[in-house]
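The sequence and the structure are shown first, and the description follows.

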Amino acid sequence: KEPERVRKLLQGSANLEFWETYTAKEILPAMQSADSKLRASRLSFGRYELFATLSREFFGKRFSVLLGLRADGTTYSSEMHNPLRQLSPRLNLSYNFRPQWTFSASVARYYQEPPYTSMGYRDSTGVLINKANGLRYIASDHFIAGIAFTPDAHSRISVEGFYKRYSDYPVSLIDSLPVSTGDFADYTIGDVPVRSVGKGRAYGVELSYRNTNLANTAVNDSY
């Protein structure tokens, strides 16, 4: 009778999370609408990327280093065509400090294209509104560190902490919300005028257990 009270009680006592979900019947019209609008907009652009990696091992293969660099660009707009503006460096470190124990850490930057529905959004005269608004790649910085214990060849237990920082995320000029949080009932996700001004972050700790042969069953649990 009081779903909101029960929700808050469970969240407070059991540390549960509740997510709003949609049925296929609710999502399908939005997907069909997005598809038809993309087809009607006849959005066309080129994409190019360059990447390189370098890895080395030291101290009898106990310590490893991996360096990576990637650059992305598209012909969509002047804000997105220069790959030097979308350089994505990456550094991964791994140290086997004791038998069966490994410490690992990574720092990386990633760039992601905004939704095609935002890139192809046009006004009644056919002008690409978000191209004129300076739509850019979404930037994401990742900082991750963790420890893993491998008792045998089939099992692994690990704990990992992460912090992720986002910038240049498309924000709707209609309701001032990131396009990924839009309501299917209001409009097709991303099919709105936007600006690349959104910022955000995510952080937490993950505990995971993996066993590829537990009573002839593969198990992979995370919390």
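## A residue in strand 5

Does S140 count as buried or exposed? With a relative accessibility of 8%, S140 counts as buried, because the limit for that class is under 20% relative accessible area. The model examined here is a predicted one.

S140 is located in strand 5. Its side chain makes a polar contact of 2.8 Å with the side chain of H142. When residues up to four places away in sequence are left aside, S140 touches A108, R109, Y110, R165 and Y166. I147 is found in strand 5 (residues 138-149) as well, but I147 is partly exposed, at a relative accessible area of 35%.

## Overall architecture

The secondary structure of the chain comprises 4 helices and 8 strands. Read from the N terminus, these elements follow the order α-α-β-β-β-β-α-α-β-β-β-β.

Of the 223 residues in the chain, 25% are buried. The chain exposes about 15200 Å², and carbon and sulfur atoms supply 56% of that area. Among contacts between residues at least 6 apart in sequence, 57% join residues at least 24 apart.

## Nonpolar core and surface patch

The largest nonpolar core has 11 residues. Its members are Y76, M80, Y111, M119, L128, L135, Y137, A139, V179, V192 and V194. V194 touches, among others, the core members L135 and V179. Further contacts of V194 include S118, N130, N133, P170, V171, S172 and L173, with residues up to four places away in sequence not counted.

A nonpolar patch on the surface is formed by Y95, F97, W101, F103, I147, I157, V159, V205, L207 and Y223, which together have about 930 Å² of accessible area. Two or more residues of this patch come from each of strand 3 (87-98), strand 4 (101-112), strand 6 (155-172) and strand 7 (194-214).

## Salt bridges

The structure holds 6 salt bridges. One of them joins the side chains of E113 and R47, with an N to O distance of 2.8 Å. This pair links distant parts of the chain, 66 residues apart: E113 lies in the loop between strand 4 and helix 3 (116-119), and R47 lies in strand 1. E113 counts as buried at 15% relative accessibility, whereas R47 counts as partly exposed at 47%.

R165 and D141 form another salt bridge, their closest N and O atoms being 3.3 Å apart. Here too distant parts of the chain are linked, with R165 in strand 6 and D141 in strand 5, 24 residues apart. R165 is partly exposed at 38% relative accessibility, and D141 is buried at 10%. In the salt bridge between R70 and D72, the closest N and O atoms are 2.9 Å apart. R70 is partly exposed at 32% relative accessibility, while D72 is buried at 7%. E49, R70 and D72 are linked in a network of salt bridges.

## The loop between strands 1 and 2

Which backbone feature is found in F59? F59 has a positive phi of about 55 degrees although it is not a glycine. F59 lies in the loop between strand 1 (47-58) and strand 2 (63-74), and it counts as exposed at 62% relative accessibility.

K61 lies in the loop between strand 1 and strand 2. Its phi is near 70 degrees, a positive value in a residue other than glycine. K61 counts as exposed at 66% relative accessibility.

Terms used:
Residues are numbered from 1 along each chain as its sequence is written. This is a predicted model: local features need pLDDT of at least 70, side-chain atom pairs count only at pLDDT 80 or more; totals for chains, interfaces and linings use all residues. Side-chain values use heavy atoms; hydrogens and water are left out. A nonpolar core is a set of buried Ala, Val, Leu, Ile, Met, Phe, Trp, Tyr and Cys residues joined through side-chain atoms within 4.5 Å. Buried means under 20% relative accessible area, exposed over 50%, partly exposed in between (1.4 Å probe, protein chains only). Contact means heavy atoms within 4.5 Å. Accessible areas come from the Shrake-Rupley method with a 1.4 Å probe; for residues, only the protein chains shown count as cover. Patches are made of residues with over 30% relative accessible area and no salt bridge: like charges are joined within 9 Å, nonpolar side chains (Val, Leu, Ile, Met, Phe, Trp, Tyr) within 5 Å. A salt bridge is a side-chain nitrogen of Lys or Arg within 4 Å of a carboxyl oxygen of Asp or Glu. A polar contact is a pair of N or O atoms within 3.5 Å; within protein, one must be able to donate a hydrogen and the other to accept it, and residues adjacent in sequence count only if both atoms are side-chain atoms.
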